[in-house]
Amino acid sequence: MREVWARENAPGRDPQLLPRRVSKHFVTDGNVDRRRYNPPPETVNEVAVVFVGDDGQPPTNIDLVIHDRNPIDPQHRRLQTIPAGSSNADPMLYPLLFPRGELGWHQRLLQEGPRRTPVRNRNSIREYTCYRLAIRYIGNNDTIHVTMSLLHNGRFLFQQFVGDHYLRMEANNLQYIRWHQAELFAESYQGLVDHINQQLQLDAPVAGVGRRMILPSSFTGGPRFMKQCYHDAMAIVCKCGKPNLFITFTCNPSWPEISQNLPRWATASDRPDLVSRVFNAKLKQLMRDITVNNIFGNVDAYVYTVEFQKRGLPHAHILIILSEGSKLLTADDVDNVVYAFLPDPVTEPRLFDCVTRHMIHGPCGTLNPNSPCMVDNSCSKKFPKEYSEETVYIADGGYPKYCRPNNGPVARVRNQEVSNEFVVPYNPYLLAKYDAHINVEVCSTVKSVQYLYKYVYKGHDAATMEVWNGNEIDRYVSPPEAVWRLFAYKLHDISHTVVRLPVHLENYHNVYFARGQELQGVQNNALPRTKLTAFFALNERNVDARQYLYHEIPTHYTWQASSKEWRLRQRQAHRETLSRMYVVNPLDRDRFHLRLLLLHRRGPRSFRDLKTVNGVVHATYAAAAVALGLLEDDEAWRACMTESSALDTATQLRYLYVTILLFCHPADLYRRFEVNMMEDFNRRFQNVDHARAACLKAIRDLLRARGKSLDDYGLPSPDEDLLEPDQDDPMFGAIDAAVAWQQRLSELNDEQRTVYDRVMAAVDDNRNVQKMFLRRRARREREKRRYTDA
């Protein structure tokens with residue numbers, strides 16, 4: 001490429017034909033979540049993968065382009081493309097790592113030995129890369145490193161190698177999904193039947209039916225994946241209660257397991273494979289100490305996620321729910337678990353050394369105004385903390401105010417003398433054992449635990465990059481994350497197995513079919529087998545199963561995906577099993593009342609049986625709910641709001657409340673859930689009156705969009721003097737906007753979703769062609785709108 005650049009800039013060339021320099025650098029955008037879209041610190045020196053993709057998906061076209069060095073005709077140099085799945089890609093891209101021209105991974109690389117089976121006979125790129133990343137020294141991991149590994153000593157080139165292979169692995173997986181879903185569509189069974197009947201009646205081809213399949217929620221790191229993880233974790237909260245401990249565990253590059261396996265000229269950032277292996281082993285041992293050795297007491301549940309936030313090192317966020325007898329209920333209980341002061345350097349020298357090296361924030365403030373945590377001349381983490389001679393169990397912000405005496409020792413950190421006001425809360429046992437940054441916070445007094453779980457499941461790392469004069473949001477993958485994903489280590493884990501239960505109307509379950517095979521799709525799904533219909537079938541044949549509600553079935557029966565039926569559990573599962581029914585918006589009235597019946601009716605044998613009350617078959621599920629007395633008062637709406645307040649943010653709860661208001665006039669619903677609905681404003685303003693005014697204004701704006709007002713429902717008007725121009729919480733505004741968009745998108749019926757998918761497919765089409773769609777408005781004639789790509 002240097003030769004090409006020199007030739008393009010050769011003297012005498014037309015100045016208008018000279019290549020333009022392209023610069024790309026990180027920028028700070030205040031409109032995005034700074035916890036994810038933050039620029040890397042100046043101290044981080046790594047080669048990362050940055051790409052633009054929908055929902056964090058890597059691009060599918062990552063082929064190599066080669067410039068012909070010695071063409072037959074020098075005036076017409078040609079470019080040659082080598083597929084990323086070619087065996088020549090690695091030796092061409094990394095000649096220093098493949099000095100003898102060894103072949104790299106290709107799609108026809110076969111398995112060898114006992115791993116080769118008739119079904120699985122090819123090596124994936126992940127398996128090949130793991131084989132290349134394996135550490136092979138003479139003897140049992142000798143310390144003199146007699147045999148030098150070109151790959152592991154490649155430093156920046158090694159970082160590029162692992163990032164490139166991770167990108168190829170993800171692109172290869174996505175390409176497989178696209179190839180097998182290119183002609184696969186989804187539609188409700190009844191919609192497919194209506195489509196077939198329309199074809200038979202018209203005896204002519206009609207418009208296509210169904211929407212294209214999208215990436216499954218199992219795609220690790222995507223928004224759907226993170227949303228599923230969040231709701232699974234909240235299902236555990238509903239079962240076991242609020243979390244008691246919030247732990248952040250960060251990798252220490254000076255661990256002997258890392259430093260003793262590095263040559264003299266290398267640093268930990270040069271060996272992301274070693275960093276990932278050691279941190280994974282340490283994280284497993286930490287979770288074993290917490291859940292098996294019970295260093296904090298008996299544990300009922302836990303969740304954790306591993307992140308890589310442009311700091312060159314992985315870290316884990318852990319939420320722990322303790323058993324009833326082990327919960328931290330007093331200030332003395334907190335003092336037994338969490339310290340927030342410097343230990344005595346004479347009696348506890350090792351612990352003092354660990355605290356000064358790992359648990360001192362900053363320093364910032366007046367000691368260091370240029371600290372990265374400083375925003376508007378104040379620390380974003382609220383340091384330095386106030387001194388306190390004793391622990392206050394419940395303080396402002398929900399967290400306890402830890403004991404920070406003003407008579408403790410002083411430590412010199414980063415050329416500054418600091419005391420207890422800069423100490424990050426820690427547990428002495430864990431800190432001394434793991435010699436790493438382990439922040440331990442007591443969070444059992446936090447009212448809104450949704451934000452803790454939102455923080456844990458905020459999503460993959462990203463960055464806002466500037467190319468010339470335009471910004472674009474890119475996915476950022478550091479070398480440790482690339483290795484972590486290649487080694488297939490867990491990014492998330494929970495203590496329970498959560499079974500997700502669908503809620504669908506009769507004959508409105510999803511059907512998957514290929515274009516042109518709609519009739520076969522109808523025939524193959526005439527007898528639907530979903531978890532809901534299998535629940536009805538189980539009650540029909542098994543009298544004992546009729547004592548359970550729909551969401552109680554997974555506790556006593558297991559779902560057999562192959563035969564699509566519920567079978568009685570033969571032995572106790574290793575992990576406790578929980579279940580959750582998918583939430584249904586009240587705007588979807590039939591499904592909402594169907595879900596309401598499933599929450600109260602035991603042993604229904606069919607959809608018809610579910611609508612039967614005292615021998616009378618009602619026309620709708622709403623009528624059946626009324627006959628059962630479920631809608632005689634506001635109890636159903638209170639249950640709906642209670643469930644939402646445990647799962648959703650305050651913004652989503654306000655949206656649900658307005659939706660309920662459109663159906664009825666609940667008497668005291670606002671009074672009961674006012675605290676929950678104004679939780680985000682209360683966190684922001686730290687004033688109840690300001691929070692109440694902002695909450696009422698938000699509800700008023702939602703009602704105005706639907707042609708209603710607060711007076712229509714007897715709600716008080718907000719105090720205008722207490723309102724501010726901008727009521728949005730900058731921390732969670734982006735999350736709430738994305739959730740609101742997904743919620744509205746899920747409310748589309750099948751026909752609306754089909755139209756939406758087709759219009760968006762046309763918008764995303766990059767071809768330079770005219771695009772048009774017709775829109776019919778009420779009380780107006782048909783209006784034609786033409787959209788042409790600029």
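Select phenylalanine 681 and phenylalanine 685 to begin: in this predicted model, phenylalanine 681 is buried, and phenylalanine 685 is buried as well. Both belong to helix α23 (residues 679-685), and because they are 4 residues apart in that helix, about one helical turn separates them. With the side chains displayed, look at the two rings, which form a stacked aromatic pair, 6.4 Å centre to centre and with 15° between the planes. The structure holds 18 aromatic pairs. To see an aromatic cluster, select Phe249, Trp255, Phe279, Phe308, Tyr434, Trp484, Phe487 and Tyr489, which together form one.

Next, display helix α20 (residues 635-647) together with helix α22 (residues 669-677), whose axes come within 11 Å and cross at roughly 5°. Since angles under 35 degrees count as roughly parallel, α20 is described as roughly parallel to α22. Show the side chains where the helices meet: Trp637, Arg638, Met641, Thr642 and Ser645 on α20 are in contact with Leu669, Arg672, Phe673, Asn676 and Met677 on α22. Sorted by class, this contact comprises 5 nonpolar, 3 polar and 2 charged residues.

Finally, move to helix α4 (residues 156-181) and select glutamine 159, which lies in it. Is this glutamine 159 buried or exposed? Its relative accessible area is 1%, and because buried means under 20%, glutamine 159 counts as buried. Follow the side chain of glutamine 159 to the backbone nitrogen of valine 47, which it reaches at 2.7 Å. If neighbours within four places in sequence are set aside, the residues in contact with glutamine 159 are Asn45, Glu46, Val47, Ser269, Asp270 and Pro479.

Conventions
Residues are numbered from 1 along each chain as its sequence is written. This is a predicted model: local features need pLDDT of at least 70, side-chain atom pairs count only at pLDDT 80 or more; totals for chains, interfaces and linings use all residues. Side-chain values use heavy atoms; hydrogens and water are left out. Helices (H or I, at least four residues) and strands (E, at least two) are DSSP runs, numbered from the N terminus. Buried means under 20% relative accessible area, exposed over 50%, partly exposed in between (1.4 Å probe, protein chains only). A polar contact is a pair of N or O atoms within 3.5 Å; within protein, one must be able to donate a hydrogen and the other to accept it, and residues adjacent in sequence count only if both atoms are side-chain atoms. Contact means heavy atoms within 4.5 Å. Axes are lines fitted to C-alpha atoms, for helices over the stretch in contact, and angles run from 0 to 180 degrees between N-to-C directions. Angles under 35 degrees count as roughly parallel, over 145 as roughly antiparallel, 65 to 115 as roughly perpendicular and the rest as oblique. Ala, Val, Leu, Ile, Met, Phe, Trp, Tyr, Cys and Pro count as nonpolar, Asp, Glu, Lys and Arg as charged, and the others, Gly among them, as polar. Rings of Phe, Tyr and Trp (its six-membered ring) pair if their centres lie within 6.5 Å; planes under 30 degrees apart count as stacked, over 60 as edge-to-face and the rest as tilted.
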